[in-house]
Amino acid sequence: MPDMSASASLAMTHLVSLAKEVDEDKVTPGVLGFIVFAVMALAVWGLMKSMSRHMNRVDFTEAPDPEAGQAEPEGSAESAAAGKKPSGKS
């Protein structure tokens, strides 16, 4: 196994020498970073457009219950009057 540690140290010396050549002030994301950012921006734009389209299809007004108007129990007016809170004045 001594040959593996020797190859690892040789690889490290090559990487360290390459790292010394890079100017830290000039490191940029490059073309690949721009492409990834552009693809993500297009994906978000597409999702927002799709969400807007789906939200426009939603009907927010609630339809009245057809059974509620027909099946009024007898004495519902009396029970509604009994359910009112007293005003506190006698």
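1. pLDDT is the predictor's confidence in each residue, from 0 to 100. In this predicted model, local features need pLDDT of at least 70 and side-chain atom pairs count only at 80 or more, while totals for chains, interfaces and linings use all residues. Residues are numbered from 1 along each chain as its sequence is written, and side-chain values use heavy atoms, with hydrogens and water left out.

2. The protein chain averages a pLDDT of 74, with 53% of the residues scoring at least 70. Confidence is highest in α2, at 96, and lowest in helix α4 (residues 76-82), at a mean of 53. Where pLDDT is low, the predicted coordinates should not be read in detail.

3. The chain has 4 helices and 0 strands, taken as DSSP runs (H or I, at least four residues; E, at least two) numbered from the N terminus.

4. Of the 90 residues in the protein chain, 0% are buried (under 20% relative accessible area; exposed is over 50%, partly exposed in between, with a 1.4 Å probe and protein chains only).

5. Val-58 lies in the loop between α2 (30-57) and α3 (66-70), and counts as partly exposed because its relative accessibility is 41%.
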